[in-house]
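Please keep the sequence and the structure at hand while reading.

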Amino acid sequence: MAEIRIRNLAKTYGKTTIMQGIDLQIAHGEFVVILGPSGCGKSSLLRMIAGLEEISEGLVEIGGTVVNALEPRERGCAMVFQNYALYPHMTVAENIGYALKVARIPKAERMARIRATAESVGLGDFLDRRPGQLSGGQRQRVAMARAIIREPKVFLFDEPLSNLDAKLRLQMRQEIRKIHNRIGATSVFVTHDQHEGMTLADRLVVMNKGTIEQIGTPAEIYERPQSLYVAGFIGSPPMNILPGQVSTARRGVLLEDGTLLPILSQLDAGDGAMVHVGFRPEQAELVEPGRGAFDARLDMIEEMGAARLCHLLFEDIPVSVLTEGRPALATGAPVGIRLTQEALHLFDANSGHRIELRRIDTRLVEMQPSA
Amino acid sequence: MRRAHFKTSWIVAALLAPQLLVIFVFFYWPSAQALYWAFTLEQPWGGGNTWVGFENFRNVLSDPYYWSSVRVSVIFALATTALAMGMALTLALFVDRQLAGYRAFRVALIWPYAVAAPAVGLAFQFVFNPGAGIFSYINTISPGLWDPSRYPAQAVLAIIIAGAWKQVAYSFVFFLAALQSIPRSLTEAAAMDGARPLRRMLDLQLPLLTPTIFFLIVINITDSFTDSFGIVDTLTGGGPFRATDLMVYKIYSDGFRGFDYSGAAAQSIILMLLVIALTFVQFRYVERRVHYS
């Protein structure tokens with residue numbers, strides 16, 4: 001069993017702390033994607049699991065063994081690098097079989113395993129080529145095969161698809177997931193691409209500035225982002241965020257222009273608290289001015305093929321709404337935005353934390369101001 | 001590929017002129033002169049010359065002293081190159097692994113290149129001095145055991161060490177640059193594949209260094225044939241018993257001490273052809289085994 005446990009992990013370079021307080025448990029056979037913008041520490045985290053980066057503080061356990069002091073070769077991990085890191089002077093077969101050669105596996109067995117692994121990723125005909133003679137996708141497959149052949153307990157992926165073009169990326173994404181399902185090793189995949197994260201992951205880990213913002217299934221993270229950061233990062237087009245102020249007396253949030261967004265549930269925020277209201281472009285609807293929750297003006301419409309992304313301005317704050325219809329609106333025209341209660345997310349303006357909205361029937365219970 | 005072209009050719013000529021002039025004055029002219037002298041008998045005090053055809057070459061090639069000079073030159077070139085490159089590679093590998101103090105070493109290891117060959121020779125004159133130098137401690141074991149001015153083998157060893165010492169810095173710079181241009185992720189991938197540092201050195205770093213190794217072999221061998229005059233002149237003066245009479249040094253001593261201008265000219269033509277031939281052989285046969293990535 002190869003579950004990974006990370007406890008209170010920190011990374012410092014001299015006096016700069018780039019990562020701290022990382023706690024993460026990854027179950028055996030799970031596919032976990034670490035998602036975050038560049039510089040958030042996601043690659044460092046992966047490299048600390050791999051043993052390529054020294055651990056400044058905390059523990060990393062693989063399969064119940066603390067691996068902090070172990071060399072990379074002793075940890076049972078295989079890694080696919082962003083630039084593939086293929087050995088340029090070796091053939092495809094030599095690249096794939098290098099780990100076996102180092103481990104002194106007899107040549108006959110080695111060749112058989114190289115052939116089988118290469119076939120499984122569709123490289124059977126390319127064994128004698130050198131990396132320089134391969135396309136980007138083929139190099140990617142060599143890198144995968146080199147990791148697969150070792151039958152590792154843990155698979156580590158460091159942004160392996162970011163050098164591929166869009167179409168190939170989609171295809172390799174599916175192949176990676178299929179390989180994972182077939183082999184069943186624990187996989188940790190680092191990326192800055194949320195589509196990759198959403199589609200590949202059993203569980204997503206969203207990182208920001210060296211800390212974990214949220215851990216959850218892709219659906220959980222999409223539906224209930226725990227912080228303003230996650231809300232803005234996950235989802236494409238991104239979530240609309242409007243500043244406002246809680247009014248318990250009027251049971252809602254007052255937007256900047258004085259419009260009231262009614263909140264028909266119990267609010268864990270005091271009267272007058274500054275908040276951010278979020279809603280996703282795909283969960284709002286365009287209606288006639290005055291008929292929605294608030295009004296905005298049209299700025300421009302982006303054609304997306306299957307839908308239209310309408311960019312609006314509300315008090316100079318950009319707001320977008322995704323609509324399947326074809327709204328016949330001129331630039332500057334007023335338009336109403338209709339929102340359901342379920343579409344609303346509330347975040348504390350100071351801490352950025354999510355404020356839970358408890359779905360209760362407000363006709364029966366008076367709203368309780370809480371501390 | 002887009003190329004820039006100058007509209008008027010006189011600018012091109014003006015820009016090329018200084019370099020061409022330098023090459024002409026210091027290379028083509030003397031070479032042509034040497035070629036001419038090699039086929040004539042030149043009088044040392046002036047006063048005309050006689051055409052003798054290949055007579056000078058015949059004399060040189062039938063001279064046993066000349067062949068012993070060729071022999072010691074080849075030994076010197078091979079040994080100096082091997083020693084200098086081996087040392088340079090070892091040092092560069094250590095600096096590349098960023099062992100403690102590598103920044104200071106990186107600078108310190110480049111400095112010897114800035115030292116002129118005669119200065120190197122003089123410095124090693126002290127080092128090898130049988131009476132007062134570091135090597136004189138050998139003589140405390142058994143008096144007279146170390147004396148390069150008496151023992152030919154020791155004299156050859158002395159110029160090889162001094163010559164190699166001077167070459168190390170140059171090779172070191174190139175080796176270090178090449179090592180540092182190997183992507184870090186390659187080393188890391190090999191580490192993940194289970195290879196220890198020594199294994200990575202043999203399987204990864206050395207094969208990827210082959211273009212640099214090849215380049216340095218060509219440069220080092222050429223240099224040890226043509227650029228060793230200063231060391232020999234200050235350290236051994238070609239002796240004892242002509243044991244360190246390298247080809248370049250023999251050209252000088254025959255020409256300017258023995259006033260055999262024509263013989264010296266013939267020797268320099270032979271040396272030039274030898275270096276050209278060696279370089280050709282290296283490009284033709286050794287370069288095939290080089291991986292340019």
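A polar contact is a pair of N or O atoms within 3.5 Å, where, within protein, one must be able to donate a hydrogen and the other to accept it, and residues adjacent in sequence count only if both atoms are side-chain atoms. The model is predicted, so local features need pLDDT of at least 70 and side-chain atom pairs count only at pLDDT 80 or more, while totals for chains, interfaces and linings use all residues. Residues are numbered from 1 along each chain as its sequence is written, and side-chain values use heavy atoms, with hydrogens and water left out.

In chain B, a polar side-chain atom of Ser228(B) lies 3.0 Å from the backbone oxygen of Ser224(B). Ser228(B), in the loop between α9 (197-226) and α10 (229-235) of chain B, is buried, with a relative accessible area of 3%; buried means under 20% relative accessible area, exposed over 50% and partly exposed in between (1.4 Å probe, protein chains only).

Over all chains the structure holds 20 salt bridges, each a side-chain nitrogen of Lys or Arg within 4 Å of a carboxyl oxygen of Asp or Glu. Among them are these:

| Salt bridge | N to O distance |
|---|---|
| Arg47(A) and Glu53(A) | 2.9 Å |
| Glu188(B) and Arg47(A) | 2.6 Å |
| Asp63(B) and Lys250(B) | 3.9 Å |

Asp63(B) is partly exposed, with a relative accessible area of 24%, whereas Lys250(B) is buried at 1%. Both Arg47(A) and Glu53(A) are buried, as are both Glu188(B) and Arg47(A), and a network of salt bridges links Arg47(A), Glu53(A), Arg184(B) and Glu188(B).

Note on methods. Chains are lettered from A and ligands numbered from 1 in the order in which they are written. Helices (H or I, at least four residues) and strands (E, at least two) are DSSP runs, numbered from the N terminus.
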